[in-house]
Amino acid sequence: MAFRHKHILGIEHLSAEDIQLILDTAESFKEINSRDIKKVPTLRGKTIINAFFEASTRTRLSFEIAGKRLSADSVNISGSTSSVVKGETLEDTAKNIEAMAPDIIVIRHGHSGSPHYLAERVGCSIINAGDGAHEHPSQALLDLMTMREHKGSIKGLEVAIVGDITHSRVARSNIYALTRMGARIRLAGPGTMIPAGIEKMGDVTVFNDLRDAIKDADVVMMLRIQLERQSKTLLPSLREYARYFGLNQENLKLARPDAIVMHPGPMNRGVEISSYVSDGEQNVILDQVENGVAVRMALLYLVSGVDAILAE
Amino acid sequence: MEKLIIKGGRVIDPAQNLDETLDILIENGVVVSIGGGIDAEDAEVIDATGKLVTPGLVDIHVHLRDPGFEYKEDIASGTRSAVAGGFTSVACMPNTKPVNDNHTITSYILQKAEKEGSCRVFPIASITKGMAGESLTEMGELKEIGCCAVSDDGVPVSNSEMMRRAMEYARPFGLAIVTHAEDLALVGSGVMNEGPVATELGLKGIPWVAEDAATVRDVMLSELTGCRLHVCHVSTKGSVDIVRQAKRRGVPVTCEATPHHFSLTEEAVRGYNTNAKMNPPLRSEEDRQAVLAGLADGTIDAIATDHAPHHLDEKNVEFNIAMNGVVGLETALSLSLQLVRDGVIDLHRMIELLTCSPARALDLPVGTLEIGSDADVTIIDPDLKWTVDAQQLASKSKNTPFDGWEMQGAAVCTVVGGKVMFDIAK
Ligand SMILES: [Zn+2]
C-alpha cells in the first residue's frame, strides 16, 4: 500500500490503513536500531530541518536521531537560537527556511495550527512534532506501536488516559488514533482539565474518578502535569492532584493484572505517577522512547516518498 | 435647485408602512414628494424599475479606525465601503488612537467625515476616559457636539459600579449606553467559542456564559437606572433570551446582531481561519438559530456589521495571535437578503432591521423617506448575482470570512442627502 500524505499534520487526517502502514514500517526500522552500525542510506542527500519553537529535549533528539539513522542531513533550530525571538513572523521564518531547500520541516510550536499554517505556505513536507494543545501525532503513533508490541493488537483495548486533557496534544492525538484502530478510551482528570465536547472526538468516556477510569483497563497512560503552565485557578495543589489523580501501586491494582503503564515523559515523579509504578514491572515507558525513534524514522521515510529498499 | 427623481422602483419604507411602486422627488437633498408619475423639468432621473427603493441603510456598529489606525481604514475608505454596501449612515466606535473620549477627537471625526466622507458619520464616544474603565467622559458636551451614544466597545466596563454610574449619568442627557457585553475574566485567553470544535483544534474556548453574564448585568443596571441600553452583537441563545425577557418587563433595552453571527458558526474556524476570529466569537448552530429567531420575533432591533478592518499582517499569523474582527459593510445587505430567501424574515422586516429600527435604537435622525427628511436612499437589486472578492472591496482591509461566496442581491445605487455617492455601473 502506498502512503499518500505529503505532510503529517495530525492523526485526524490519517486512516486506519495509514496508521497500520506507519506502524509496520516502524517495526521494520526498529531492527536497525539494534545493529552495530545503526545507519541505512535511505534518505541520503535529503535535508531535514527540525524547527523547535518550543522547548523540547526528547522529541527533538528522537527526530534528530531518526534522521541521522536514515542518512539524512538534519539541522536543528530552536526557539532561543532562531530568529523567532526577534519578532519575525512565522511565515517569514518559514520562507527563509524554505529558501534553503529542505525536504522536510519537523515543527514543534506553542500555537495550535502552526504546522497547518506552514503547510499552506511552503512547498516541502511538514511533520508536526507537537502544536499547542492540538496534536502530537508521532507521540500517539509510538504509543500505539508500544501497545501493539505488548498487547498484540490495538482493537478492543481499554485505554485510560489520565491528567490534564484540556492542554494535552498527546491526549487528542491518542484519542484519534485509538478510536480509528478500534480501542476504547476512558478519560479522567480534574474537572478544570476536561475540555468541553471531548467525548465527540472519538470513542471516549469521561470518568470523575480515576479509579473508575482505570478499572479493568489494558493500558493506563498518565499525562504530565505541566507544573509551570498551570494557572492557580486550575488546581488547588499538587498534593491534592497526586492524591486524586496520581497513579500508585494501590490504584493500579484496579487495572487488569497484565495492564501496561505508559507516560509520554518527562515524568513528575510523585505527582502524576509514583516511582514504584513508573519503575515497576508494568511500566513500558522506555519502550515508548525506543519506539519513538523507529516511528519517526517511518514518518520521515514515508513522507519523503523515496522508493528505496527499507533496510539493507 | 438640484432635483433628482428616482422613478419606478418598489418603494419600501417600514417607518411609514409603505410598499408601493412609486417615484421619489428630491430637491436640495430633501425628499419633497413621493407618488405616482412624478416628473420635473431639469431633474436628473434614476430609473429604478424592477429595483427596491429603501431609506438609506443605517449601520450602528462600525470601526472606522480613524484617527490612529489609518493603515487599517480611514474615514474616507470606511465610508466608501459603507456606500458600496448600501449604507448611508454609520455610527463609529470610539476605540481609535487616541480614544474618542473628548471634544477634540469628536470634532476631528465630524470634520473629516464632512470633508472626505461618502456617507453620514455619527460618532459614538467612549463611556470612560481612554476606555480605561476608571472615570466618566464628559458625556454632556460630547452629546452636544454630535456624539450619538457612548460605548467602551471592545474593552467592556468590567467594574459594575462604574457601569451603574455611567448609566445614571448618561440617562438625563438622553444618551444610550452601548455595551459590548463580555465578562473578560470568563473570556480569559480564549480565542474562539468554547465547545467541541475548540477542543478538537486545541484552541482556548470562550464560554457562552461570558456573554450571558455580562448581558444580564447590564440589562439589570438599565432596569435599575432607567438608562437606555443597547447591547452590541448578541451571539448566544442566552443573551437573546435575556433581552427578550427584559423587553417584556419594559426595560429600555435594544440589541443588534451581525451578519457573521447569523450566517456562520464556529465551524468556520476549522483550518485555523483567522478571518473567522472575532469577539464575541462565532458560536454554535443552536446559538445561530436563536439569533435568527430573535431577528424574526422582534427581540433583535438591528442588523449591524461590527465592521472591523484589520491589516493583512494582523491576520496572516497563527490563530492565537491574530486580531479579532472582520469587515462587513459590503456583504451585510446580501447576507440579510439571504435571510429573506431562507424564509427567516420577510423583506419588510429586513429593511426595518437595516433602517428605522437601528436609527431608533441610537436615536439617529435618519432611516425613513418621509417627506421633509434628508434624502438618503438605497436602490437595491435583490436578484443581482455576484461573487465576493476580498481584494475588490472598497474597504482598505480585506479580512472577510465571505471571500469567494456566491451572493445574491446588492445595492446598485446609494444616495446620500440627494447626491449619488455610489453607482454600481461606475
Ligand atoms: Zn464589540
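Predicted model: local features only at pLDDT ≥ 70, side-chain atom pairs only at ≥ 80, totals over all residues.
Helices here are DSSP runs of H or I, at least four residues long, numbered from the N terminus. A:Glu91 lies in one of them, helix H3 of chain A.

A:Glu91 has a relative accessible area of 19%. The cut-off for buried is under 20%, so A:Glu91 counts as buried. Leaving aside residues up to four places away in sequence, A:Glu91 touches A:Tyr117, A:Arg121 and B:Asn316.

The size of an interface is often given as the accessible area lost when the parts come together. Between chain A and chain B, about 1,500 Å² is buried. Carbon and sulfur atoms give 52% of that area. On the chain A side, A:His111, A:Ser112 and A:Ala196 lose the most area to chain B. Together they account for 31% of what that side buries.

Chain A brings 24 residues to the contact, and chain B brings 16 residues. How many salt bridges and how many polar contacts cross the interface? The rule finds 0 salt bridges between the two chains. It does find 10 residue pairs in polar contact, with both residues at pLDDT 80 or more. Helix H3 (90-99), helix H4 (114-119) and helix H6 (169-180) of chain A each supply at least two residues of the side that touches chain B. The largest share, 3 residues, comes from H4(A). By type, the residues of this side divide into 8 nonpolar, 9 polar and 7 charged.

Now turn to the zinc ion. Its protein donors are B:Asp153 (OD), B:His180 (ND1) and B:His233 (NE2). They lie 1.9 to 2.3 Å from the ion. Their spacing in sequence is D-x26-H-x52-H.

Salt bridges come next. Side chains of opposite charge can pair when their charged atoms come close. Over all chains, the structure holds 41 salt bridges. One of them joins B:Arg120 and B:Asp376, with the closest N and O atoms 2.6 Å apart. This pair links distant parts of the chain, 256 residues apart. B:Arg120 is in strand E8, and B:Asp376 is in the loop between helix H14 (356-361) and strand E16 (377-387) of chain B. B:Arg120 is partly exposed at 23% relative accessibility, whereas B:Asp376 is buried at 4%.

Another salt bridge pairs B:Asp39 with B:Lys7, at 3.5 Å between the closest N and O atoms. These residues are 32 apart, with B:Asp39 in the loop between strand E3 (30-35) and strand E4 (44-47), and B:Lys7 in strand E1 of chain B. B:Asp39 is exposed at 64% relative accessible area. B:Lys7 is partly exposed at 21%.

A further bridge stays within one helix. B:Arg349 and B:Glu352 meet at 2.9 Å, N to O. Both lie in helix H13 of chain B, 3 residues apart, about one turn of the helix. B:Arg349 counts as buried at 13%, while B:Glu352 is partly exposed at 24%.

In chain A, salt bridges also form a network. It links A:Lys151, A:Asp218, A:Arg256 and A:Asp258.

Key:
Residues numbered from 1 in each chain as written. Chains lettered and ligands numbered in written order. Heavy atoms only, no water. Contact = heavy atoms within 4.5 Å. Buried area = accessible area lost by both parts, 1.4 Å probe. Salt bridge = Lys/Arg side-chain N within 4 Å of Asp/Glu carboxyl O. Polar contact = N/O pair within 3.5 Å; in protein donor to acceptor, adjacent residues only side chain to side chain. Nonpolar A, V, L, I, M, F, W, Y, C, P; charged D, E, K, R; others polar. Donors = N, O, S within 2.8 Å, 3.2 Å for Na, K, Ca; no water. Buried < 20%, exposed > 50% of the residue type's maximum accessible area, 1.4 Å probe, protein only.
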